[in-house]
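This report is written for a reader who is meeting the structure for the first time. Please keep the sequence and the 3D view open while reading.

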Amino acid sequence: MSTLDALEIHLVPVLTDNYAYILRDTDTETVGVVDPGEAEPVEAALTQLGWRPEWIILTHHHGDHIAGAERLAGGYNAKIAGAAADSKRLPPLDAAVTAETGWDFGGQTVEVIETPGHTIGHIAYHFPRARALFAGDTLFSLGCGRLFEGTAAQMWDSLSKLAELPPETRVYCGHEYTQNLAAFALTIDPNNPALRQRAEEVVQLRADDKPTIPTTIGKELATNPFLRAGEPSLKHALGMAEADAAAVFAEIRRRKDAA
Ligand SMILES: [Zn+2]
């Protein structure tokens, strides 16, 4: 069995443009649900798979990520995992995790990565054996989450942690925003051939009503302007050749918010 087979992952579209994910550890058959912003579509998918979740896994407290959590936990007698730092504004947690505690899902080591920025308590879950990252609203394909609570410097630091993961790591994020983000990314980094190619691919995927997720860390490093804020060519294009990466990131974030 390849390491990628350690975790079976099903994408479930919920609400307008959110993704929940159903996971199954292939050794122990432990099932989990990441960020159920709505219960019904997840229940339907679980019924079709014939699976019962043991864990509901939350990246942050926003309603479009947690609204289905308590109903699923109650209906399947599942436990809830989330950030210890946000335990007061998440549903009652059975596993309150931090970067120090880490976590274990069905025998798989899970690295908890604290990623403040979008919210202060936001965390991402990295499954090293399966080469998978559940990034919530920190890292999107071709973008990143808005800064509702943290500073640009915090978000840059958070994204920099994710950028250090192995490039083949598959990234499962909280939203299907890629097509809109591709159009913005091209205004920042118009001469990047990898970005132009990805933008064309994304238009085609969406025209075919297919998800653009997962992406990979390697793909994002080559195309996502928010991760590329330290690249000399990008700094130069923005007239910020002498600025540090965090300042360039803040400027890209500011432009996206104004777009
Ligand atoms: Zn959010």
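This is a predicted model: local features need pLDDT of at least 70, side-chain atom pairs count only at pLDDT 80 or more; totals for chains, interfaces and linings use all residues.

## Two pairs of packed helices

Two packed helices are described by the angle between their axes and the distance between the axes. For helix α5, which covers residues 178–188, and helix α6, which covers residues 193–207, the axes come within 9 Å and cross at roughly 155°. Since angles over 145 degrees count as roughly antiparallel, α5 is therefore roughly antiparallel to α6. The crossing of α5 and α6 is left-handed. On the side of α5 the contact is made by Thr 178, Gln 179, Ala 182, Ala 185 and Leu 186, while α6 brings Leu 195, Arg 198, Ala 199, Val 202, Val 203 and Arg 206. Sorted by kind, the residues of this contact of α5 with α6 divide into 7 nonpolar, 2 polar and 2 charged.

Helix α4, residues 152–163, packs with helix α9, residues 245–258, at an angle of about 110°, and their axes are 9 Å apart. Because angles of 65 to 115 degrees count as roughly perpendicular, α4 is described as roughly perpendicular to α9. In this contact Ala 152, Ala 153 and Trp 156 of α4 meet Ala 245, Ala 246, Phe 249, Ala 250 and Arg 253 of α9. The residues of the contact of α4 with α9 divide into 7 nonpolar, no polar and 1 charged.

## Backbone features in the loops

Most residues other than glycine have a negative phi, and most peptide bonds are trans. Against that background, Asn 77 has a positive phi of about 55° although it is not a glycine. Asn 77 counts as exposed, because it has 9 C-beta neighbours inside 10 Å.

The loop between α6 and β14 is the place of Asp 209, which also is not a glycine and has a positive phi of about 60°. With 6 C-beta neighbours inside 10 Å, Asp 209 counts as exposed. Pro 214 is found in the loop between α6 and β14 (215–216) as well, and the peptide bond that leads from Ile 213 to Pro 214 is cis, with omega near 5°.

Ile 56 has its place in strand β4, and, with 28 other C-beta atoms within 10 Å, Ile 56 is buried. Leaving aside residues up to four places away in sequence, Ile 56 touches Val 33, Pro 36, Ala 69, Leu 72, Ala 73, Ala 78 and Ile 80. Between Ile 56 and Arg 170, which are 114 residues apart in sequence, the C-alpha to C-alpha distance is 20 Å.

Gly 150 lies in the loop between β12 (143–144) and α4. Is Gly 150 buried or exposed? Gly 150 is buried, with 21 other C-beta atoms within 10 Å. Not counting residues up to four places away in sequence, Gly 150 touches Pro 116, Gly 117, Ile 120 and Met 155. The C-alpha atoms of Gly 150 and Asp 35 are separated by 21 Å, and these two residues are 115 residues apart along the chain. His 62, in the loop between β4 and α2, is buried with 21 other C-beta atoms within 10 Å. His 62 and Trp 103 are 41 residues apart in sequence, and C-alpha to C-alpha they are 22 Å apart in space.

How values were computed. Residues are numbered from 1 along each chain as its sequence is written. Axes are lines fitted to C-alpha atoms, for helices over the stretch in contact, and angles run from 0 to 180 degrees between N-to-C directions. Helices (H or I, at least four residues) and strands (E, at least two) are DSSP runs, numbered from the N terminus. Angles under 35 degrees count as roughly parallel, over 145 as roughly antiparallel, 65 to 115 as roughly perpendicular and the rest as oblique. A crossing is left-handed if the near helix is turned anticlockwise from the far one by less than a right angle, and right-handed if clockwise. Two residues are in contact if their C-beta atoms, placed from the backbone, lie within 7 Å. Ala, Val, Leu, Ile, Met, Phe, Trp, Tyr, Cys and Pro count as nonpolar, Asp, Glu, Lys and Arg as charged, and the others, Gly among them, as polar. A residue is buried if 20 or more other C-beta atoms lie within 10 Å of its own, exposed if 12 or fewer, and partly exposed in between; C-beta atoms are placed from the backbone.
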